[in-house]
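Subject: Structure handover

Hello,

Here is the structure you asked for. Please load it first, then read the notes below.

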Amino acid sequence: LLLYEKGWMNRWKPSVLHEGEGNIRNVKWRGHLIAWANNMGVKILDMISKQRITNVPRDDISLRPDMYPCSLCWKDNLTLIIGWGNSVKICSVKERHASEMRDLPNRYVEIVFQFDTEFYISGLAPLCDQLVILSYVKEISEKTEMECCARPRLDIVQPLPESCEEISSDALTVRGFQENECRDYHLEYSEGESLFYIISPRDVVVAKERDQDDHIDWLLEKKKYEEALMAAEISQKTIKKHKILDIGLAYINHLVEKGEYDLAARKCQKILGKNTELWEFEVYKFKEIGQLKAISRYLPRRDPVLKPLIYEMVLHEFLESDYEGFATLIKEWPGDLYNNTIIVQAVVDHLKKDPQNRTLLQTLAELYTYDQRYGRALEIYLTLRHKDVFQLIHKHDLFSSIRDKIVLLMDFDSEKAVDMLLDNEDKISIDRVVEELENRPELQHVYLHKLFKRDHHKGQRYHEKQISLYAEYDRPNLLPFLRDSTHCPLEKALEICQQRNFVEETVYLLSRMGNSRSALKMIMEELQDVDKAIEFAKEQDDGELWEDLILYSIDKPPFITGLLNNIGTHVDPILLIHRIKEGMEIPNLRDSLVKILQDYNLQILLREGCKKILVADSLSLLKKMHRTQMKGVLVDEENICESCLSPILPSDASKSFNVVVFHCRHMFHKECLPVSNTV
């Protein structure tokens with residue numbers, strides 16, 4: 001093995017690196033390291049130190065080195081890959097530690113991976129962390145049962161410390177492979193281009209790494225369109241052969257062919273994006289196969305917007321076969337996507353065939369709303385009693401349109417209608433509402449009742465009318481109304497209540513008009529409720545009423561019991577007890593008397609307690625007043641004598657003086673103080 005170096009005058013100077021061990025079969029030089037193989041093994045020379053740093057002996061000496069030559073390649077500047085026979089070694093050149101030098105080279109070689117392959121190695125090349133191995137294969141012929149040459153294999157393997165993992169394997173068809181030997185194949189590679197050259201006597205095969213385009217080709221060939229689309233999206237910056245849109249369109253066509261129309265339509269959103277021409281093309285394609293309904297849910301509604309004809313075509317399709325679906329689209333689609341007039345006319349035509357169809361009527365109302373024909377929409381909503389009628393009125397301020405439709409609104413939902421009318425008194429007056437409801441007194445009552453609840457004075461002119469309305473439709477609220485209203489005529493109310501024999505209301509009106517005795521008599525005679533009579537007497541707090549109550553109850557034992565139980569704190573019970581006839585049986589008399597005594601004792605205790613509290617408070621306040629009055633009073637130059645009107649303090653402070661200061665802050669010189677008989 002000769003090394004030629006340029007020397008003096010650019011002349012080549014040869015030097016022998018190695019000799020005497022047979023033919024040199026292979027040489028690889030990289031950086032400062034030269035590796036060569038002969039019949040004995042593989043040597044590595046360090047060009048810097050001009051020293052041979054290792055000798056890797058041949059493993060299988062039974063193989064002829066000329067028939068099964070050694071394959072060498074450098075993975076990088078310090079990693080050598082050796083393939084010989086069916087053995088692979090990966091060697092790493094390392095620096096030797098200074099303490100280990102002695103007479104040894106400053107570098108040494110360590111075998112980091114070593115494994116055997118199934119076939120004989122004809123060539124090696126690195127591929128990232130993996131290896132590309134060209135193998136010479138022999139197999140047993142099925143016909144002759146003799147060993148023969150098979151097609152060479154190109155394998156990609158992942159080296160492991162003592163074995164390898166096969167990543168892929170390809171058999172190569174080259175001309176004359178049946179006659180070739182292991183030495184006839186070679187593997188070379190171009191590191192920068194990631195190209196691999198498989199050389200045989202009659203062929204050269206170029207191999208390269210598969211890129212994403214190749215992967216997408218394979219996926220499309222296998223009809224895995226979704227995976228192909230995903231791969232293209234991930235690698236859209238690196239793929240050169242394919243376009244995402246083309247793959248997507250092929251995917252849509254594939255789904256349509258399979259009959260998966262809904263999925264195909266859903267994919268249109270992602271694949272077609274904002275391309276209006278493609279959208280319109282796909283819509284027409286779906287129309288041809290009778291699947292417009294499938295794509296309708298996914299049509300773009302904003303950015304982009306398609307031609308109105310597209311949306312109208314879809315709506316007509318639904319209108320012919322699916323009223324519910326048509327109504328759904330009208331709700332979901334903005335009204336400016338299509339020609340509203342055309343769709344309204346189409347719906348009107350269908351209603352001629354089926355005039356009571358609620359779905360079509362409701363949809364027509366929505367179309368009128370989009371077209372700002374709110375009056376017509378309101379009529380339909382009221383006819384259908386649709387819940388959105390109030391929202392429509394509020395949203396579009398349609399109060400002028402409902403002036404003559406108040407009864408319809410009240411019939412539909414009186415609560416919501418009344419709330420809306422009361423909230424918008426400035427747009428529809430109270431008088432107008434009452435007038436409209438004149439023929440429907442029960443609705444008139446609902447409206448006026450709500451009005452009264454909100455404000456007792458706003459509808460005061462209708463309070464007289466409300467007495468009759470409450471009496472007819474809502475008696476439980478009549479008494480609260482009479483109590484809260486300050487505008488209803490009492491005589492009219494009393495007349496109505498007496499006509500209808502409303503005792504409680506009549507009692508209240510009599511007491512309010514000052515006729516408490518008649519009211520009490522009515523309670524006792526009509527209601528015969530002693531508790532209510534006692535309660536009424538307590539409210540009025542009138543001695544004559546108590547006298548009437550006692551007189552009425554004196555011959556009625558149950559009434560006497562009630563009086564005994566409740567009278568103690570308002571009237572002296574002795575007045576009642578003295579009037580009880582001797583021998584009259586009174587139920588629970590003992591309990592009533594005990595209760596009177598207990599109430600009396602309780603009153604005594606309360607009075608004593610109050611007295612103690614008053615005494616304690618009086619004493620506390622007296623002390624506080626005393627402390628306050630004992631405090632000093634500020635007297636300065638600004639104060640004057642109330643008699644002589646001169647400053648209270650003398651100009652010469654060294655002289656003695658006397659001043660009298662009253663608690664009311666009036667001040668006098670002692671000599672100016674009036675004598676006791678002075679007026």
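Start at Lys 450. This residue is partly exposed, with a relative accessible area of 21%. Keep in mind that the model is a predicted one. Lys 450 forms a salt bridge with Asp 419, and the closest N and O atoms are 3.1 Å apart. The two sit in distant parts of the chain: Lys 450 in helix α16 (residues 441-454) and Asp 419 in helix α14 (residues 414-423), 31 residues apart. Asp 419 is partly exposed too, at 29% relative accessibility.

The pair does not stand alone. Glu 415, Asp 419, Asp 423, Lys 450 and Arg 454 are linked in a network of salt bridges.

Other salt bridges

The structure holds 34 salt bridges. Two further ones are worth a look.

One joins the side chains of Asp 59 and Lys 89, at 2.3 Å from N to O. Asp 59 lies in the loop between β6 (51-57) and β7 (71-76), and Lys 89 lies in strand β9 (residues 87-95), so this bridge ties together parts that are 30 residues apart in sequence. Lys 89 is buried, with a relative accessible area of 7%.

The other joins the side chains of Glu 505 and Arg 475, at 3.1 Å from N to O. Glu 505 belongs to helix α20 (residues 503-512), while Arg 475 is in the loop between α17 (463-473) and α18 (478-484), so the contact again ties parts that are 30 residues apart in sequence. Arg 475 is partly exposed, at 35%.

Surface patches

Which residues form the positive surface patch? They are Lys 623, Lys 624, Arg 627 and Lys 631. Lys 631 is found in the loop between α26 (589-630) and β20 (659-661). Its relative accessible area is 58%, so Lys 631 counts as exposed, the cut-off being over 50%.

There is also a nonpolar surface patch of about 450 Å². Leu 2, Tyr 4, Trp 12 and Val 16 make it. Two strands are involved: β1 (2-6) and β2 (12-16) each supply at least two residues. Trp 12 is found in strand β2. At 54% relative accessibility, Trp 12 counts as exposed.

Domains and distances

The chain is divided into domain 1 (15-189) and domain 2 (632-678). How many Å apart do the C-alpha centres of domain 1 and domain 2 lie? The answer is 132 Å.

One more residue pair to check is Gly 325 and Tyr 473. They are 148 residues apart in sequence and 46 Å apart in space, C-alpha to C-alpha. Gly 325 is found in helix α8 (residues 323-332). Gly 325 is buried, with a relative accessible area of 14%.

Where to look

For charges, open the network that includes Asp 419 and Lys 450. For the overall layout, view domain 1 and domain 2 together.

Best wishes

Definitions and conventions. Residues are numbered from 1 along each chain as its sequence is written. This is a predicted model: local features need pLDDT of at least 70, side-chain atom pairs count only at pLDDT 80 or more; totals for chains, interfaces and linings use all residues. Side-chain values use heavy atoms; hydrogens and water are left out. Patches are made of residues with over 30% relative accessible area and no salt bridge: like charges are joined within 9 Å, nonpolar side chains (Val, Leu, Ile, Met, Phe, Trp, Tyr) within 5 Å. Accessible areas come from the Shrake-Rupley method with a 1.4 Å probe; for residues, only the protein chains shown count as cover. A salt bridge is a side-chain nitrogen of Lys or Arg within 4 Å of a carboxyl oxygen of Asp or Glu. Lys and Arg count as positive and Asp and Glu as negative; His and the chain ends are not counted. The place of a charge is taken as NZ of Lys, CZ of Arg, CG of Asp or CD of Glu. Helices (H or I, at least four residues) and strands (E, at least two) are DSSP runs, numbered from the N terminus. Buried means under 20% relative accessible area, exposed over 50%, partly exposed in between (1.4 Å probe, protein chains only). Domain bounds come from an automatic or database domain assignment.
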